[in-house]
Amino acid sequence: VNQLSGHLSGLINEARNELLRLIAYIEADIDFPEDDIERLTADEQLETMKHIQEKLKNILQTSQKGKIIREGLNVTIVGKPNVGKSSLLNALLKESKAIVTDIPGTTRDVIEEYINLSGIPIKLIDTAGIRDTDNLVEKIGVEKTKEFIQKADLVLYVCDIIEGLNQEDIEIIQSFKNTTPSIFVVNKIDLEYKQENLEKIKAMIGINEEDLVFISAKENMGLEQLEEKIIQMFFAGNMNVSDSAIVSNARHVQALQLAIDHLEGAINTLENHLPGDFVVIDLRSSWEYLGKITGDTIEDDILDQIFSQFCLGK
């Protein structure tokens, strides 16, 4: 609805108008060097370019949020066998979708289900427990798990507070910790456990206790905290996007990125003390890419801006 009412176009047009005024100043300086007109210093031009670039970057940052709103958030539940991954899936769904037993390796295929958090679809993916196994079917499931980790928007890594972590856990965690957002979920807190187990988990992951989420999937404990953590990670504590301009179109994302890149080129050109003609080339390109989002063109607008902004042709 915001896009239909022109919320995004309004922000883009603000940036385009600022860019247009800057182009007009530089073009007038180039084309009418003898006229007594107001001119911008190189520092003022740089400041304006960086301001516009920052504005466009802020708009572009919403593209991840737009993707989530359009497609949902892919959340992959990962961990060793028998730590409670399927129990967590069932608890979040509030129904029994996954088979839960005390036998390690029960889940051998990927189970996908949707939940809804404040209007945002969350695709939960329950995966096979990762371990070395000679069972062919389970081995295929483990390979699928590794593939889904690479595609995930968020990994929920589940560990058992009774069993703790071992080297196998660390190898799994290292495969995604620096590349994919993750939440470490400590399960089975309804059971009696040793404090030293918790200390070992924190030390092995390298994480503070306040960054862990403690749950009992069996007793439905801690699930609200987990859901809130997901919201905080992806929406800064606010999933209400009614007042925001969200970039959800892949073509718009590409055009914005190219506009930002050409602005960076103009900034570098000016900082290297090259003539205004070279600066304008990139500024024009940036302006044109923004025009592809709003459907506008450039040539007539620049001429109109120059003659309306400056007293020329006396």
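The mean pLDDT of the protein in this predicted model is 78. A score of at least 70 is reached by 72% of the residues. Strand S6, residues 212–214, has the highest mean pLDDT of the elements, at 94. The lowest mean, 57, belongs to helix H11, residues 299–309. One covers residues 98–108, where the model has 31 contacts beyond four places in sequence. The other covers residues 237–245, with 20 such contacts.

Salt bridges were examined next. The structure holds 9 of them. One joins Lys-55 to Glu-18, with the closest N and O atoms 2.5 Å apart. Lys-55 lies in helix H2 (residues 42–60) and Glu-18 in helix H1 (residues 7–31). The pair therefore ties together parts that are 37 residues apart in sequence. Glu-18 has a relative accessibility of 15%, so this residue counts as buried, the cut-off being under 20%. The Lys-55 to Glu-18 pair also belongs to a network. Glu-14, Glu-18 and Lys-55 are linked there by salt bridges.

A further salt bridge is formed by the side chains of Asp-169 and Lys-80, at 2.9 Å from N to O. Asp-169 is part of helix H6 (residues 167–174), whereas Lys-80 sits in the loop between S1 and H4. This pair thus ties together parts that are 89 residues apart in sequence. Asp-169 is buried, and so is Lys-80.

Glu-199 and Lys-202 provide a salt bridge inside one helix. Their side chains meet at 3.3 Å, N to O. Both residues lie in helix H7, 3 residues apart. Because of this spacing, about one helical turn separates Glu-199 from Lys-202. Glu-199 is partly exposed, with a relative accessible area of 38%. Lys-202, at 15%, is buried.

Asn-82 lies in the loop between strand S1 (73–78) and helix H4 (85–93). Asn-82 has a relative accessible area of 32% and is partly exposed. Lys-80, by contrast, is buried.

Lys-188 likewise has a positive phi without being a glycine, with a value near 70 degrees. Lys-188 is placed in the loop between strand S5 (182–187) and helix H7 (195–205). Helix H7 is the element that carries the Glu-199 and Lys-202 pair.

The loop between S5 and H7 also contains Leu-191. Leu-191 is partly exposed, with a relative accessible area of 42%. Together with Ile-162 and Tyr-193, Leu-191 makes a nonpolar surface patch of about 230 Å².

Technical notes
Residues numbered from 1 in each chain as written. Predicted model: local features only at pLDDT ≥ 70, side-chain atom pairs only at ≥ 80, totals over all residues. Heavy atoms only, no water. pLDDT = per-residue confidence, 0-100. Helix = DSSP H or I, 4+ residues; strand = E, 2+ residues; numbered from the N terminus. Contact = heavy atoms within 4.5 Å. Buried < 20%, exposed > 50% of the residue type's maximum accessible area, 1.4 Å probe, protein only. Salt bridge = Lys/Arg side-chain N within 4 Å of Asp/Glu carboxyl O. Patch = residues over 30% accessible without salt bridge, like charges linked within 9 Å, V, L, I, M, F, W, Y side chains within 5 Å. Areas by Shrake-Rupley, 256 points an atom, 1.4 Å probe, with all protein chains shown as cover.
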